[in-house]
Amino acid sequence: MRITMKMLMGVAAAAIAAVGPASAQQMSDGVVKIGVLNDQSGLYADLSGPGSTWAARKAVADFKPSFKVEVIAADHQNKPDVGASIARQWLDVDKVDMIVDVPTSSVVLAINQIVKEKNKVMMVSTGATADLTGKACTPNSVHWTYDTWALANGTGKAIVKTGGDTWFFITADYAFGHALERDTEAVVNANGGKVLGKVRTPFPGTTDFSSFLLQAQASKAKIIGLANAGGDTINSIKQAAEFGIVKGGQNLAGLLVFLTDIHALGLQTAQGLIMTEAWYWDMTEANRAFAKEFAAANKGNHPTMGQAGVYSAVYHYLRAVDALKSDADGAKVVAKMKEMPTDDKLFGKGQVRADGRHIHPMYLFEVKKPSESKGPWDYYKVRATIPADEAFRPLKDGGCPLVN
């Protein structure tokens, strides 16, 4: 597919970096080039988009590399063919060394093999499918912030154990939705619950969830699991309120909910919603300082876990490149990332496992009531911390060919 100007709309290139000439000469093409590939203008733009590009540049600025680094960005429009075309252009022609962020699991899986074929690096922050560190794992990819197994394990288990034992799924009909539904259904069944039904919704392209919600309502399931994200989740919750579904005794489970979704919904609509996330801006002084800078540069918006994950992933990538004094061999860079413990101001200490899974704690949050919120973007209270060694699928269970 030919890459058009529209496809590259939003492309932003920014040279960053103090350059030490001797060090720069050791990098391929004299520069470490990072490509932020995401949805810059559609239903996932608020949760990733230009904010993730800012986060990548912020990581470079904070790392203060002794080599030249350039950050560029492009819009994959949530379409696997568009994402694959941009990835090939970047890796073959534009000499990009690492691709980061990549919301939309179908795009993640489409470019995963391209990155391996070119021996470059992909670090996924906002894409969700747990298959990336399972059957689809490669020596060139790292999954950073969350995945469908972690979301299902956190939210699904908590809800079933507190009485939500019958479920109906409204599922986005692509790789992400399928994986999230599969992983949550497994958790529901393992904890004594039962799935009464499920319906698949077109992705992308629908804003009317009324017929799907009516099916869920008719099922009489206690929990309606939303295996979707971004604008789809927002529309589902808004329209469920219009049908009086929660007032009628059923509850919604947002299986992948971002801070920006809650902001769009408002606390009056979103209050009481339980969700699992990897990061929240109001948990530490470092997080609050990052959020303050982010908001100043991004129209007052506060960062999502996906955008914070981009910062953390880029920072660790630069640490590995700095240690190797080279960005030329993508598999070697990823191997170095697995060898070095992770440590940055937003995610703290962690590790990258043999299957490419970044390990860190996850958090079960509940959305505050309007009366509990002290100001703008004060939306979450912590219900539980899921320790790092329990938050993600055990290494032996993923089926990753890299794991002996």
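Tutor: In this predicted model, 73% of the chain's contacts with a separation of 6 or more are between residues 24 or more positions apart. The chain holds 14 helices and 16 strands. For 404 residues, a compact globule would have a radius of gyration near 22 Å, and the 20 Å of this chain agrees with that. The C-alpha trace spans about 70 × 45 × 40 Å along its principal axes.

A disulfide is a covalent bond between the sulfur atoms of two cysteines. The chain has one disulfide, taking 2.5 Å between sulfur atoms as the limit. C137 and C400 form this disulfide, with an S to S distance of 2.0 Å. C137 sits in the loop between strand 5 (121-124) and strand 6 (141-143), and C400 sits in the segment after helix 14 (388-391), so the bond ties together parts that lie 263 residues apart in sequence. The torsion about the S-S bond is about 85°, so the disulfide is right-handed. C137 and C400 are both buried. For the chain as a whole, 60% of the 404 residues count as buried.

R88 and Y315 are 227 residues apart along the chain, and their C-alpha atoms are separated by 24 Å. R88 belongs to helix 3, which covers residues 80-92. Apart from its neighbours within four places in sequence, R88 has contacts with V93, I114, E117 and K118. Its relative accessibility is 35%, which puts R88 in the partly exposed class.

Q77, in the loop between strand 3 (69-75) and helix 3, has a phi near 60°, a positive value in a residue that is not glycine. With a relative accessible area of 23%, Q77 is partly exposed; the buried class takes in values under 20%.

Helix 7 (residues 210-219) gives a second case. Its buried residues are S210, F212, L213, A216 and S219. An α-helix has 3.6 residues a turn, so residues three or four places apart point the same way. The buried residues of helix 7 pack against strand 7 (166-172), strand 8 (194-201), strand 9 (223-227) and helix 8 (230-242). After helix 7 comes K220, with a positive phi near 65°. K220 is not a glycine either, and its place is the loop between helix 7 and strand 9. The relative accessibility of K220 is 68%, so K220 counts as exposed.

The surface and the charges complete the picture. The accessible surface of the chain is about 15,100 Å², and carbon and sulfur atoms account for 52% of that. There are 43 positive and 40 negative side chains, and the centres of these two sets are 1 Å apart.

Notes. Residues are numbered from 1 along each chain as its sequence is written. This is a predicted model: local features need pLDDT of at least 70, side-chain atom pairs count only at pLDDT 80 or more; totals for chains, interfaces and linings use all residues. Side-chain values use heavy atoms; hydrogens and water are left out. Helices (H or I, at least four residues) and strands (E, at least two) are DSSP runs, numbered from the N terminus. Buried means under 20% relative accessible area, exposed over 50%, partly exposed in between (1.4 Å probe, protein chains only). The radius of gyration is taken over C-alpha atoms; the globule rule is 2.2 Å times the number of residues to the power 0.38. Contact means heavy atoms within 4.5 Å. Accessible areas come from the Shrake-Rupley method with a 1.4 Å probe; for residues, only the protein chains shown count as cover. Lys and Arg count as positive and Asp and Glu as negative; His and the chain ends are not counted. The place of a charge is taken as NZ of Lys, CZ of Arg, CG of Asp or CD of Glu.
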